[in-house]
Amino acid sequence: MEYLSVLGLLWLFLFLVGGVIGGFDQNYYVTWGNNHVLNQGGQIQLSMDQSSGAGFASKQSFGSGFFNMRIKLPDRNSAGVVTAFYLTSHGDRHDELDFELLGNKEGKPIALQTNVFANDVGNREQRIFLWFDPTADFHTYSILWNPHQIVFYVDNIPIRVFKNCENIGVEYPSQAMQIEASLWDGDSWATDGGQTKTNWSYAPFKAHFQGFNITSACSNSNTQQCYSSQYWWNSQKYWKLDSNQQRQYENVKRNYMNYDYCSDRPRYPTPPKECLYDA
């Protein structure tokens with residue numbers, strides 16, 4: 001409970017002082033779809049129609065940290081529409097940590113897919129159905145990345161843990177990564193395996209983003225230096241989930257997970273090594 005409270009209070013502090021520390025223009029820039037981006041001060045709206053979606057990225061890259069974004073998804077019939085928040089490298093070897101929120105027909109549950117890429121190795125998808133309507137209000141999506149673990153959170157509840165298993169030959173993200181967000185057409189796969197296509201009569205689809213301060217992250221391009229214990233998110237307290245977080249995580253896996261690559265025997269007859277070290 002203490003762990004959850006610390007993260008909650010930290011986010012609240014960062015959100016409240018947002019206008020002081022710096023907003024979108026100080027920390028981010030539009031990467032594509034300029035005419036589909038509306039800067040509303042403390043909020044950015046990305047829109048998508050048949051001509052384009054849109055995206056933005058941080059001006060700096062980071063080697064570790066605790067990353068947050070407040071997101072409200074497109075409403076009504078958003079099948080085929082993907083709203084993404086992720087960390088990604090741009091070097092020769094690809095590292096990436098993904099949140100992909102997969103739209104659906106109105107009234108059907110929204111799925112959240114996460115993925116982890118390390119040294120060009122991905123295909124580690126997990127999907128959960130969210131326990132709330134992400135189109136009705138903003139919710140907080142967070143990533144903790146330190147030398148021991150990567151944890152994905154929704155409203156400070158852990159929904160995925162990826163342990164550092166380099167000691168058994170599993171690649172772990174080690175490159176500096178930018179923070180990115182985007183809204184794009186994924187109807188070839190995003191809803192019902194691509195069977196339900198984007199209904200453009202509902203366009204433009206609009207996703208909203210808040211929380212553009214980046215204060216809990218190491219911007220040194222040398223990841224090893226970013227693993228220093230001087231940063232709070234690298235301290236021993238954050239090497240594993242505490243007992244309360246572990247219970248929350250088990251509840252998510254038991255009640256909301258609808259796909260886990262670790263359990264996909266047709267795809268992986270022998271489970272990948274890291275699957276034995278899930279939290």
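A residue is termed buried when its relative accessible area is under 20%, and exposed when this value is over 50%, with partly exposed residues in between. In the predicted model described here, both phenylalanine 85 and phenylalanine 99 are buried by this criterion. Across the protein chain, buried residues make up 55% of the 279 residues.

The secondary structure of the protein chain consists of 5 helices and 16 strands. The radius of gyration is 18 Å, which agrees with the value near 19 Å that a compact globule of 279 residues would have. Along the principal axes, the C-alpha atoms occupy a box of roughly 50 × 50 × 40 Å. Of the contacts with a separation of 6 or more, 69% are between residues 24 or more positions apart. The chain exposes about 12300 Å², of which carbon and sulfur atoms supply 48%. There are 21 positive and 27 negative side chains, and the centres of these two sets lie 5 Å apart.

Aromatic side chains were examined next. A pair of aromatic rings is described by the distance of the centres and the angle of the planes. The count comes to 22 aromatic pairs. One of them is the stacked pair of phenylalanine 85 and phenylalanine 99, with 6.0 Å centre to centre and 5 degrees between the planes. This pair links strand 6, which holds phenylalanine 85, to strand 7, which holds phenylalanine 99, across 14 residues of the chain. Tryptophan 131 and tyrosine 256 form a tilted pair, at 5.3 Å centre to centre and 55 degrees between the planes. Here the partners are 125 residues apart: tryptophan 131 lies in the loop between strand 9 and strand 10, and tyrosine 256 in the loop between helix 5 and strand 16. Tryptophan 131 counts as partly exposed because its relative accessibility is 29%, and tyrosine 256 is likewise partly exposed, at 27%.

Most residues other than glycine have a negative phi, and most peptide bonds are trans. Asparagine 119, although not a glycine, has a positive phi of about 55 degrees, and asparagine 123 also has a positive phi of about 55 degrees. A cis peptide bond, with omega of about 0 degrees, joins alanine 203 and proline 204. Proline 204 is located in the loop between strand 13 and strand 14.

Terms used. Residues are numbered from 1 along each chain as its sequence is written. This is a predicted model: local features need pLDDT of at least 70, side-chain atom pairs count only at pLDDT 80 or more; totals for chains, interfaces and linings use all residues. Side-chain values use heavy atoms; hydrogens and water are left out. Helices (H or I, at least four residues) and strands (E, at least two) are DSSP runs, numbered from the N terminus. The radius of gyration is taken over C-alpha atoms; the globule rule is 2.2 Å times the number of residues to the power 0.38. Buried means under 20% relative accessible area, exposed over 50%, partly exposed in between (1.4 Å probe, protein chains only). Contact means heavy atoms within 4.5 Å. Accessible areas come from the Shrake-Rupley method with a 1.4 Å probe; for residues, only the protein chains shown count as cover. Lys and Arg count as positive and Asp and Glu as negative; His and the chain ends are not counted. The place of a charge is taken as NZ of Lys, CZ of Arg, CG of Asp or CD of Glu. Rings of Phe, Tyr and Trp (its six-membered ring) pair if their centres lie within 6.5 Å; planes under 30 degrees apart count as stacked, over 60 as edge-to-face and the rest as tilted.
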